[in-house]
Amino acid sequence: MENIFTRIKQAVAADFHEILDKKEEKNPTVQLSQYIRQCEQQAKKIRELIEKQYQLKHDFTKEYHAAQAMADKRERQAKLAAEQEEAELAEQAQDERIQYQERADKIKAMMDKANADLQELEKKYVQMKHKLKDLYVKKMEFAERENVAKAHRGMNEVLKNKPEFEFVSSKFNDLEGYIDRLERKVNDDYRKQTLDAKLANLERKSS
């Protein structure tokens, strides 16, 4: 029997929480908070992508300097081989110089594009953070207005219950009357006791 009551109690509590959840879901303030949380998560992922872009730019720069260094090296070696009348060696060095230079030029174009893309991403990221901050401020504004509205509603609920105020006021009147009667009784008893004592003392002296 106890298990049945427990299960009924749990079922009722579950339904109650479900109703509260649905009610909260319809609350614009709650919905705005959920939206801001989603934006924060999205901003975190975007920041990770931008950090990855920084790494790609670093990699492009490293590869460019390596390719350009080899192109310059082969150019010096081709010139030296030509001066030493090593025509075949000079030709091989020149062919490699061309390959390295083409690679360096291609990587430099990629590096410049990656740098431009990175600047554009940083610019948009700053704009996005400002928009997100505006949402925070707007949320605070709505929270303040909601709080004031709830406070007014609560006070209106209390103030509109005039019969209850009148009932409490009548109880205060009853209490005041009771205290007056009690005070009078105490004073009367004290006066009576004092009078009895004085008369008894007078009788003792006269006897």
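**Questions on burial, charge and helices**

Me: Why is Glu88 called exposed?
Reply: Glu88 has a relative accessible area of 59%. Exposed means over 50%, buried under 20%, and partly exposed in between (1.4 Å probe, protein chains only); the value for Glu88 is over 50%, so Glu88 counts as exposed. This is a predicted model, in which local features need pLDDT of at least 70 and side-chain atom pairs count only at pLDDT 80 or more, while totals for chains, interfaces and linings use all residues. Residues are numbered from 1 along each chain as its sequence is written, and side-chain values use heavy atoms, with hydrogens and water left out.

Me: In which helix is Glu88 found, and what is the pattern of the chain?
Reply: Glu88 belongs to helix 3, which covers residues 87-159. The chain has four helices and zero strands, and reads α-α-α-α along the sequence. Helices (H or I, at least four residues) and strands (E, at least two) are DSSP runs, numbered from the N terminus.

Me: What makes Ser33 a buried residue?
Reply: Ser33 has 14% relative accessibility. That value is under 20%, and Ser33 therefore counts as buried. Ser33 is part of helix 2, residues 28-83. Across the 207 residues of the chain, 14% count as buried.

Me: With which side chain does Ser33 make a polar contact?
Reply: The partner is the side chain of Lys139, at 3.5 Å. A polar contact is a pair of N or O atoms within 3.5 Å; within protein, one must be able to donate a hydrogen and the other to accept it, and residues adjacent in sequence count only if both atoms are side-chain atoms.

Me: How do you know that Arg74 and Glu96 meet in a salt bridge?
Reply: A salt bridge is a side-chain nitrogen of Lys or Arg within 4 Å of a carboxyl oxygen of Asp or Glu. For Arg74 and Glu96 the N to O distance is 2.5 Å, so the pair qualifies. The pair links distant parts of the chain, with Arg74 in helix 2 and Glu96 in helix 3, 22 residues apart. Arg74 is buried at a relative accessible area of 18%, whereas Glu96 is partly exposed at 32%.

Me: How many salt bridges does the structure hold?
Reply: The structure holds ten. One of them joins Glu51 and Arg47 at 3.0 Å, N to O. Both of these residues lie in helix 2, four residues apart, about one turn of the helix.

Me: Why is Glu51 called partly exposed?
Reply: Glu51 has 42% relative accessibility, which lies between 20% and 50%, so Glu51 counts as partly exposed.

Me: What makes Lys113 and Asp117 about one helical turn apart?
Reply: Both lie in helix 3 and are four residues apart, which means a separation of about one helical turn. Lys113 is exposed at 53%, and Asp117 is partly exposed at 31%. Elsewhere, salt bridges that share partners join Arg47, Glu51 and Glu122 into one network. Lys113 and Asp117 form a salt bridge too, with their closest N and O atoms 2.8 Å apart.

Me: Is Glu63 buried or partly exposed?
Reply: Glu63 has a relative accessible area of 46% and is therefore partly exposed. Glu63 lies in helix 2. The C-alpha atoms of Glu63 and Lys108 are separated by 9.0 Å, and the two residues are 45 residues apart along the chain.
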